[in-house]
Amino acid sequence: MSTLLLNIPVTQYMFYFLSFVAILCGMMVVISKNPIHSILYLILTFFSIAGHYLLLNAQFLAVVHIIVYAGAIMVLFLYVIMMMNLNEKDEPNKKVFLKIAAVGSAGLLLLTLVGSLKGAEKMVAAAPLNTNVGLIKNLGQTLFGEFLFPFEISSILLLAAMVGAIMIGKKDPVK
Amino acid sequence: MLIIWSFIIYKAIMCVAVFAVALGIAAYSTWWERKFAGLLQDRYGPKRAGPFGLLQPLADGGKLFFKEEIIPNVSNKFLFILGPSLVMITALMTGAVIPWGRPLHLDNGDLFHLQITDLNIGFLYLLGVVSVGVYGIMIGGWASNNKYALLGAIRASSQMISYEVAMGLAVVALIISSGGSLSLNDIVTAQGDGGVANVCWQPLGFIIFFVCALAETNRAPFDLPECEAELVGGYHTEYSSMKLGLFLFAEYINMFISSAIMAAVYFGGYNMPEWFENLYRGSVSLDTFALIGMVCFVAKIFIFISVFMWIRWTIPRFRYDQLMNLGWKVLIPLSLLNLGITALVQAWRNGLF
Amino acid sequence: MQLTNRSRDVSNKEQSFMEKLYLPGLLKGMAITGSHLFKKRATIDYPDKKRDIAAVYRGLHVLKRDENGAERCTACGMCAVACPAEAITMESAERKKGEEGLYREEKYAKIYEINMLRCIFCGLCEEACPKEAIFLTDRLVPTEFEREDFIYGKDKLVEKIDKRIDVSARQTPEVLEFKKIKGLKHNELFEGKKISDKKH
């Protein structure tokens with residue numbers, strides 16, 4: 001089934017469609033005035049990226065992407081923004097200097113991206129594409145074999161972040 | 001091309017069948033909910049529409065369709081409609097990975113699998129779809145432009161996210177003990193043919209999963225998001241007509257699907273008790289045997305749905321802090337404990353000690 | 001004073017471990033509700049099956065006609081005076097020539113209204129009536145959507161000539177006999193002189 005999907009050109013169309021959705025929604029995140037709409041577009045972007053993972057036959061990554069990013073993190077974003085009263089009239093006027101700085105830094109980022117992608121067509125895959133690398137079994141063996149140390153380090157990083165969040169969130173002890 | 005077409009037709013048949021069955025069972029769950037409540041409270045349930053009130057769901061559906069549809073003037077119309085649609089879509093999507101029975105044998109020798117798709121990440125797919133289901137409620141509650149609806153939506157989402165953690169940990173323990181496959185079909189088949197139901201290995205995990213399923217479906221005693229005493233109607237305060245119907249209906253579909261999942265992964269799904277199996281195995285054709293298995297599965301689902309209802313008509317709602325305490329301070333440590341014990345036991349079974 | 005033996009003292013004491021587990025309590029509750037699955041229903045199948053009512057049930061009033069079909073009521077106002085809920089109002093008129101078949105006495109009730117929302121169905125009007133005209137029956141007052149609809153006029157109260165209302169269930173011969181003895185303390189009240197003593 002999966003090899004079948006990879007051979008027919010339908011996947012090409014799906015790739016272009018998903019890329020189009022991802023880029024369009026990514027732009028809409030920035031453009032839309034209402035922060036709630038921005039977040040909803042961001043969620044759509046995550047879904048189209050999950051679709052890309054599926055096209056790469058990385059089902060585990062796709063689903064985990066949806067569970068973690070779309071299902072948990074973005075819900076918390078939405079949660080916070082819904083609780084804040086963000087009307088358009090409450091939007092403080094940004095200073096001109098800030099606007100120029102924002103445009104400038106975004107332009108620099110664009111320049112970097114374009115520059116790094118310029119040579120991309122000459123890039124050669126380091127190893128032939130293994131279509132099964134995204135499956136949960138292979139991924140698990142890679143994570144808990146070859147990359148065990150970075151994996152554990154990153155978990156310690158998350159733990160540290162969690163402890164920090166609890167420390168910030170804790171009430172001050174009564175003096 | 002013929003193979004692809006037959007494949008598409010087969011998938012279409014399965015999708016439509018699961019869709020229809022889920023909707024039908026959800027509709028009749030509303031009837032059974034009221035009938036069962038009547039039985040528990042020494043009274044008749046609905047009985048005027050048709051024999052035993054069997055046409056009651058149709059009457060309710062008809063009423064909801066013909067009610068006036070009110071969309072608040074100040075709310076975002078698109079998101080207001082998107083909310084209940086998302087809730088319904090995610091509720092129906094979960095049915096895709098549940099194995100309903102052993103494969104049937106077609107005339108040309110092919111197998112007709114009674115499962116829409118056997119993903120190798122079936123369980124994660126379920127968790128993913130459930131986590132997306134939160135959006136329907138949140139968007140609907142926010143787009144209502146009503147503080148009660150928003151509070152209800154926020155309660156619903158925080159409750160669902162909190163209980164997803166414990167549920168996920170319970171699932172991890174289950175997968176460790178059932179052989180390491182995330183595919184629901186593998187989990188179910190591993191319990192048949194001499195294997196025992198997973199609940200024997202995972203009693204604590206099952207209780208955790210059950211409590212989380214109650215919370216995820218927003219059923220009593222965890223129905224705080226629609227707590228009428230505090231929040232008028234919660235996230236569906238502003239909804240009317242069939243959009244309200246979709247919210248209510250999705251709850252029953254979720255209940256059906258979570259009952260099906262529990263019946264499948266903890267109680268052996270379409271497998272049956274050995275003494276019962278021995279009555280039929282060999283004496284009937286394989287297809288009939290598969291159908292008997294399906295009947296067993298449906299019976300298990302029915303029992304679970306009834307238990308859901310039994311709990312609803314027995315105990316009152318939790319207070320919000322109690323709900324959060326139960327989720328974070330009781331269920332998550334318990335499921336971590338369960339996970340640790342399961343991992344140790346499994347390591348011992350695999351001969352690592 | 002202790003009214004029931006079910007009252008419990010409210011306390012904020014720490015829950016025991018078993019109580020904290022919650023599951024035993026849940027199972028206990030479910031056992032209680034579950035036991036009701038096997039108990040007799042408390043409700044009856046109402047519109048199809050009706051509960052037995054007492055023989056002396058006091059329901060919707062009827063204004064009787066006599067054996068010739070003439071209305072018995074003479075609009076004396078005794079019922080209205082006797083009514084503790086002040087539900088009855090009436091307006092009298094004089095019988096014209098040619099109406100002898102319609103009204104038994106020379107005076108009759110042109111308007112006779114009972115407000116069913118005020119009425120407490122005590123039956124005092126029936127006892128006060130000197131003409132045996134008003135009776136309470138075993139019928140129920142149907143539900144309505146408007147308050148006005150509960151004010152019953154003569155169109156609803158007077159029995160139809162071809163559809164007489166049977167009042168014998170309450171008006172047994174013994175009762176009728178008892179009513180005739182005006183000397184009894186109970187019936188004396190409605191003689192006229194005592195009514196003026198009633199305090200308002």
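This is a predicted model: local features need pLDDT of at least 70, side-chain atom pairs count only at pLDDT 80 or more; totals for chains, interfaces and linings use all residues.
**Figure 1. Overall form of chain B.** Chain B contains 13 helices and two strands. The C-alpha trace of chain B spans about 60 × 50 × 50 Å along its principal axes. Of the 353 residues in chain B, 48% are buried. Among contacts in chain B with a separation of 6 or more, 78% join residues 24 or more positions apart.

**Figure 2. The largest nonpolar core.** This core has 123 residues. The members that touch the most other members are Leu124(B), Ala170(B), Cys212(B), Ile253(B), Phe256(B) and Met262(B). Helix H5 of chain B (residues 147-177) supplies the largest share of the core, with 16 residues. Leaving aside residues up to four places away in sequence, Ala170(B) touches Gly205(B), Ile208(B), Phe209(B), Cys212(B), Ser335(B) and Asn338(B). Another core, of 23 residues, lies apart from this one and includes Val62(C), Cys79(C), Tyr103(C) and Tyr108(C).

Figure 3. Leu291(B) is found in helix H12 of chain B, residues 286-312. Leu104(B) is 187 residues away from Leu291(B) in sequence, yet their C-alpha atoms are 8.5 Å apart. Leu291(B) has 17 other C-beta atoms within 10 Å and is therefore partly exposed, since a buried residue needs 20 or more and an exposed one has 12 or fewer.

Figure 4. Most residues other than glycine have a negative phi. Ser241(B) is not a glycine but has a positive phi of about 60 degrees. Ser241(B) belongs to helix H10 of chain B, residues 241-265. With 16 C-beta neighbours inside 10 Å, Ser241(B) counts as partly exposed. In chain C, Glu132(C) has a positive phi of about 55 degrees, although Glu132(C) is not a glycine either. Glu132(C) sits in the loop between helix H4 (124-128) and strand S4 (134-136) of chain C. Glu132(C) has 15 other C-beta atoms within 10 Å and is partly exposed.

**Figure 5. The contact between chains A and B.** Two pairs of chains touch, and the pair with the most contacts is A and B. This contact takes 16 residues from chain A and 17 residues from chain B. Helix H4 of chain A (residues 59-83) gives the most to the chain A side, with 13 residues. By class, the side of chain A that touches chain B has 14 nonpolar, two polar and no charged residues. Chain A itself has seven helices and zero strands, and buried residues make up 17% of its 175 residues. Of the contacts in chain A between residues at least 6 apart in sequence, 58% join residues at least 24 apart.

**Figure 6. The contact between chains B and C.** Here 12 residues come from chain C and 11 residues from chain B. On the side of chain C that touches chain B, four residues are nonpolar, five are polar and three are charged. Chain C has no contact with chain A, and the closest C-alpha atoms of chains A and C lie 25 Å apart.

**Figure 7. The three-stranded open sheet of chain C.** Strands of a sheet pair through backbone hydrogen bonds, either parallel or antiparallel. In this sheet the order is S2-S3-S5 and the pairing is antiparallel. Strand S2 (88-94) and strand S5 (151-152) of chain C each have a single partner strand and stand at the edges, so one side of each is without a neighbour in the sheet. Seven bridges join S2(C) to strand S3 of chain C, residues 107-115, in the antiparallel sense. Glu91(C) stands opposite Ile111(C), which is in S3(C).

**Figure 8. Helix H2 of chain C.** Helix H2 of chain C covers residues 23-35. At 1.5 Å a residue, its 13 residues should span 18 Å, and the end C-alpha atoms are 18 Å apart, which agrees. H2(C) is hardly covered, as the count of buried residues among its 13 residues is zero.

How values were computed
Residues are numbered from 1 along each chain as its sequence is written. Chains are lettered from A and ligands numbered from 1 in the order in which they are written. Helices (H or I, at least four residues) and strands (E, at least two) are DSSP runs, numbered from the N terminus. Two residues are in contact if their C-beta atoms, placed from the backbone, lie within 7 Å. Ala, Val, Leu, Ile, Met, Phe, Trp, Tyr, Cys and Pro count as nonpolar, Asp, Glu, Lys and Arg as charged, and the others, Gly among them, as polar. The expected span of a helix is 1.5 Å times one less than its number of residues. Two strands pair if DSSP finds at least two bridges between them. A nonpolar core is a set of buried Ala, Val, Leu, Ile, Met, Phe, Trp, Tyr and Cys residues joined through C-beta atoms within 7 Å.
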